[in-house]
Amino acid sequence: MDVKVLKPARAKPAGASEKAAAKKAQKADTGKSSEMLALVLESLDEDKAEDVVSIDLTGKTPIADHMVVASGRSQRHVGAVADHLVRRLKEAGFGTSQVEGMKQGDWVLIDGGDVVIHVFRPEVREFYKLEKMWSADIPADQLAV
């Protein structure tokens, strides 16, 4: 009969391996959200969205890493921009996004998980001033993309 003597492993601080795993996952998530953000900005540019603003939400809220706000020229343009973006996100492997407001076309919210996108008609965007609320402490030169 073989008997193996197991030496006790060196004690690690409580939660050390969980913290390391969380940091590794956070780095992977940051890369994923950066890829998604790049795709969103490229899609909005290709579809001629206007006044595109990207806001870094890291450390401000757990809902997302980035928020993108853009305008379309009309209800039809807002709907088309949003529809193309949702399809591109899905085709790129980011899954199915949650979408609100597509039928009305005044304000479409696309929740991609890591990136939240708002596409407005200009009048509606001016009324809500959403990017101003979320970027109150960010210098103006870092807002425009």
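Among contacts in the protein chain between residues at least 6 apart in sequence, what percentage join residues at least 24 apart? With that in view, please describe the surroundings of Ser 97.

Modeller: The model is a predicted one. Of the contacts in the protein chain between residues at least 6 apart in sequence, 60% join residues at least 24 apart. The chain contains four helices and five strands, and from the N terminus on these elements follow the order α-β-β-α-β-β-β-α-α.

Ser 97 belongs to the loop that runs between helix H2 (75-91) and strand S3 (98-100). Its relative accessible area is 8%, so Ser 97 is classed as buried, the limit for that class being under 20%. Leaving aside residues up to four places away in sequence, Ser 97 touches Leu 89, Ile 110, Asp 111 and Gly 112. In the protein chain, buried residues account for 36% of the 145 residues.

Pro 62 sits in the loop between strand S1 (50-56) and strand S2 (66-71). Because its relative accessibility is 84%, Pro 62 counts as exposed, a class that requires over 50%. From C-alpha to C-alpha, Pro 62 and Asp 114 are 9.5 Å apart in space, although 52 residues separate them in sequence.

Note on methods. Residues are numbered from 1 along each chain as its sequence is written. This is a predicted model: local features need pLDDT of at least 70, side-chain atom pairs count only at pLDDT 80 or more; totals for chains, interfaces and linings use all residues. Side-chain values use heavy atoms; hydrogens and water are left out. Helices (H or I, at least four residues) and strands (E, at least two) are DSSP runs, numbered from the N terminus. Buried means under 20% relative accessible area, exposed over 50%, partly exposed in between (1.4 Å probe, protein chains only). Contact means heavy atoms within 4.5 Å.
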